[in-house]
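This report takes up a nonpolar core and a strand pairing beside it, as a careful reader might wish to trace them with the coordinates open.

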Amino acid sequence: MNELIFLVEEAPEGGFVARALGVSIFTEADSLKELPDKVRDAVRCHYDDGKAPKIVRLHHVREDVITV
């Protein structure tokens, strides 16, 4: 696997959560600024040395609710 994609969403209680697609990796952060470091750490913890994907994509999803 050369690439890993994380789905990033705002957490209901504040901050952000990131879940990898197809792999059981999950992390959370208080801000978007600290999220990449948290994702890197989670990926490094999940894979053995040298086995982690070279590219990690953070796909941000935002849901807006409007009234009509």
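The text below describes a predicted model, beginning with the core and then turning to a strand and its partner.

The largest nonpolar core holds 14 residues, among which Leu4, Phe6, Ile25, Leu35 and Val43 touch the most other members. Two or more residues of this core come from each of strand E1 (3–10), strand E2 (16–20) and helix H1 (35–46), and H1 gives the most, with 4 residues.

Strand E3 covers residues 26–29 and includes Phe26. Phe26 is classed as partly exposed because its relative accessibility is 43%, a value that lies between the 20% and 50% limits. The C-alpha atoms of Phe26 and Val43 are 9.0 Å apart, with a sequence separation of 17 residues.

| Residue | Residues in contact |
|---|---|
| Ile25 | Leu4, Phe6, Ala18, Arg19, Ala20, Ala42, Val43, His46, Tyr47 |
| Phe26 | Val17, Ala18, Arg19, Ala42 |

Strands E2 and E3 pair in the antiparallel sense over 4 bridges, and Arg19 stands opposite Phe26 in E3, a residue that Phe26 also touches. The hairpin formed by E2 and E3 has 5 residues between the strands, and in this hairpin Gly22 takes a positive phi near 85 degrees.

Definitions and conventions: Residues numbered from 1 in each chain as written. Predicted model: local features only at pLDDT ≥ 70, side-chain atom pairs only at ≥ 80, totals over all residues. Heavy atoms only, no water. Core = buried A, V, L, I, M, F, W, Y, C linked by side-chain atoms within 4.5 Å. Buried < 20%, exposed > 50% of the residue type's maximum accessible area, 1.4 Å probe, protein only. Contact = heavy atoms within 4.5 Å. Pairing = 2+ DSSP bridges. Lists of a residue's contacts leave out its neighbours within four places in sequence.
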